[in-house]
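Visitor: Before we discuss particulars, may I see the sequence and the model?

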Amino acid sequence: MTNLLLALAPESLLVLAALVVLGLGVSVPKARSLITAATLLGGFAAAAAILLLPVDGNFLHGMVVVDPVARMFKLVILGLGLVAVVFASDSFPEIHFAESLALILFGTVGMMLLTGTEDLLMIFIALELASIPLYILAAFAKEGRSSAEAGLKYFLIGSLSAAFLLYGLSLIYGVTGSTNLPIISNHSGIPDPLLIAGIVLTLAGFAFKVAAVPFQLWAPDVYEGAPTAVASLVASGSKVAGVFILAKILAIGLGPWAGSAGWGQFLPGWVPVLALMAAASVILGNLAALVQSNVKRLLAYSAIAHGGYLLIGLCSTGEDSLTAVLFYVVIYALTTAGAFGTVVIVEKQRGGSSLEDFDGLAKSSPVLALCLLVFLISLAGIPPFVGFFGKFYLFTAALANPALLWLVILAIAMNAVSLYYYLIVLKHAFVLPAKEDLRPANAPASRFLVAALALSVLALGLAPNLLLAPLAKNMPPQISARKVFLQ
Amino acid sequence: MNPDHLLLTIFLAVAIVFPLIPLAMAWAWARLFSPAKPGNDKQSSYECGIESAGPAHVQFQSHYYLYALVFLVFDVETVFLMPFAAAFLNLPFSAFLALMVFLLLLVEGLVWAWAKGILAWK
């Protein structure tokens, strides 16, 4: 009991902080800096709890599972949540300010719970706890049409995906008789048609969450319409949590029914489904991003493409493929959060986020433009930034099955395409002159944070082992070596 | 043929035929026995009720919806408090603590709504 309370201390502290922030919003609604400080303080307390109270173990039959990797991801997600809080504190309007920060905290709690469980029921509840605050936040600028549209689309499509997921999970439970992932994987043997239906529905539900084709339609509208600070959380924290739990479900729970998508070695299972979605995401994401005129929309299509790269890593049975996937999703989240931070500041300065609004950014705020360069070049996967190493590890890990070469070649070819649209943004920022002279926006905290994120992208690029080594060392054996049954 | 499939096929056939029988009987009854007497009354939406007045898409205060949400706080609270109260004497202290946390979360929601002026009818 005490250990359980200690294991859940970070989440409890965050909920407590959110309640305090809500109270502050009612009693002193005008004190923006006080509310922000209380939110960040709660976040730091939770981070301290993660670092100083390392209670590892399995509680309530797998409902709450804490291990070193889960703690690492809780820390990463908490950090991304706080990044969104800082961006929100610089860009959100006065009205309902405290409520928006409290909602970010609640969403972060959901994502953190999602990383620390091995039970289907808990996974679903945590997923909803992470999603519902994001639905509300996406519609938070309710005076604007596009934000209301983003919120409604996100909510409707999110609920639909939750229904898919719930149906899939219930079928898996019905066939295997358990909601616990390790017990589910013991139910080996010839896959039941019902189980296959359950697995496919579960995959569809998660494909919505990571915005993989053909379930990607919500992403561009939500990224464009939602307040940019919220879009940064949807693109970073939500993605990390979604990919982490998808990897966990596939590796621990559904490992026996993997199948294979190798060229000429097709075996039925979830890997072929995943491989097709990955190929479609990589192609559609990168090609559709070419014609975007809004940077947030462009980042959304780039997110779809990156979701595809991540799914390729999940298709591989290689020993370190999951380490590579988790490494890649963390560095992708850091980079994309930074890119959205740049958009937050540019939006504050110029009032929009179209490509033209980035004209002459290098003149008016050179440091910010440099940071944008770091983020976009890293997303494109060019050394010395960390995006290159992430892709390198991901694709070498995927090639542990040489038959997956077709997928990797496709991804690399499409990655070359992606360089074009990232460079278009940089052309607007560095080459084209600004139409009017604008003074830099006053957003010191966001500026500082964007610079810090750019530095971390650079530092991890120079020393990727800082993150990769602890990840590889702590990966639980049952995750890293997936049970493979070839019938 | 797999016996399971045979069973399924029979089940499917019965499932399709079963609702068709009463429909066919009703149709046959109407064709063979009932006299045809069309009239305005038969066209009305509620044959045995009063005539509906005005359009169905009436606008109503969105406040009702907020009230309903806040009412749900009490409603859900009761649903959880009842079994808790029934088993109160046999429960450990931690259960009491857990329910107090639950109450705190709901009460904070109510207090927040109150302080925001949602309960005042405008």
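**Helix packing and backbone details**

Visitor: Against which helices do the buried residues of H2(A) pack?

Guide: Helices are DSSP runs of H or I with at least four residues, strands are runs of E with at least two, and both are numbered from the N terminus. A residue is buried with 20 or more other C-beta atoms within 10 Å of its own, exposed with 12 or fewer, and partly exposed in between, the C-beta atoms being placed from the backbone. On that basis, the buried residues of H2(A) find partners in both chains: H3 (32-52), H4 and H5 of chain A, along with H4 (93-115) of chain B.

Visitor: What kind of model is this, and from which letter do the chains start?

Guide: This is a predicted model, in which local features need pLDDT of at least 70 and side-chain atom pairs count only at pLDDT 80 or more, while totals for chains, interfaces and linings use all residues. Residues are numbered from 1 along each chain as its sequence is written; in the order in which they are written, ligands are numbered from 1 and chains are lettered from A.

Visitor: How far does H2(A) reach from its first C-alpha to its last?

Guide: H2(A) covers residues 9-27, which makes 19 residues. Its buried residues include A:Pro10, A:Glu11, A:Leu14, A:Ala18 and A:Leu22. The expected span is 1.5 Å times one less than the number of residues, and the reach of H2(A) is close to that expectation, at 27 Å.

Visitor: How many residues of H5(A) are buried?

Guide: H5(A) comprises residues 97-115, and its end C-alpha atoms are 28 Å apart, in agreement with the 27 Å that its length should span. H5(A) is largely enclosed by the rest of the structure, because its buried residues number 19 of the 19.

Visitor: Is A:Lys74 buried or exposed?

Guide: A:Lys74 belongs to H4(A), residues 68-91. Beyond its neighbours within four places in sequence, A:Lys74 is in contact (C-beta atoms, placed from the backbone, within 7 Å) with A:Pro10, A:Ile50, A:Met112, A:Thr115 and A:Gly116. Its C-alpha is 9.2 Å from that of A:Thr108, a residue 34 places away in sequence. Because 26 other C-beta atoms lie within 10 Å, A:Lys74 is buried.

Visitor: How many residues of chain B are in contact with chain A?

Guide: The side of chain A that touches chain B has four nonpolar, no polar and no charged residues; here Ala, Val, Leu, Ile, Met, Phe, Trp, Tyr, Cys and Pro count as nonpolar, Asp, Glu, Lys and Arg as charged, and the others, Gly among them, as polar. Four residues of chain A form the contact, and the residues of chain B that they meet number five.

Visitor: What is the angle between H15(A) and H17(A)?

Guide: H15(A), residues 321-350, and H17(A), residues 366-380, have axes 9 Å apart. Among the residues that meet are A:Gly338 and A:Thr342 in H15(A), and A:Leu372 and A:Phe375 in H17(A). The contact divides into eight nonpolar, four polar and no charged residues. With axes fitted to C-alpha atoms over the stretch in contact, and angles running from 0 to 180 degrees between N-to-C directions, the value is about 145°.

Visitor: How are H17(A) and H19(A) directed relative to each other?

Guide: H17(A) also packs against H19(A), residues 405-430, at about 175° and with axes 9 Å apart. A:Leu372 and A:Leu376 of H17(A), and A:Leu419 and A:Tyr422 of H19(A), are among the residues that meet, and by class the contact has twelve nonpolar, one polar and no charged residues. Angles under 35 degrees count as roughly parallel, over 145 as roughly antiparallel, 65 to 115 as roughly perpendicular and the rest as oblique. H17(A) and H19(A) are therefore roughly antiparallel.

Visitor: What is omega for the cis peptide bond between A:Pro383 and A:Pro384?

Guide: A cis bond also joins A:Val213 and A:Pro214, with omega about 5°, and A:Pro214 is in the loop between H9 (193-209) and H10 (218-225) of chain A. A:Pro384 is in the loop between H17 and H18 (386-398) of chain A. For the bond from A:Pro383 to A:Pro384, omega is near 10°.

Visitor: What is phi at A:His61?

Guide: In the loop between S1 (57-59) and S2 (64-66) of chain A, A:Leu60 has a positive phi of about 50° without being a glycine. A:Leu60 is exposed because 11 other C-beta atoms lie within 10 Å, whereas A:His61, with 13, is partly exposed. A:His61 is placed in the loop between S1 and S2, and its phi, again positive in a residue other than glycine, is near 55°.

Methods. Contact = placed C-beta atoms within 7 Å.
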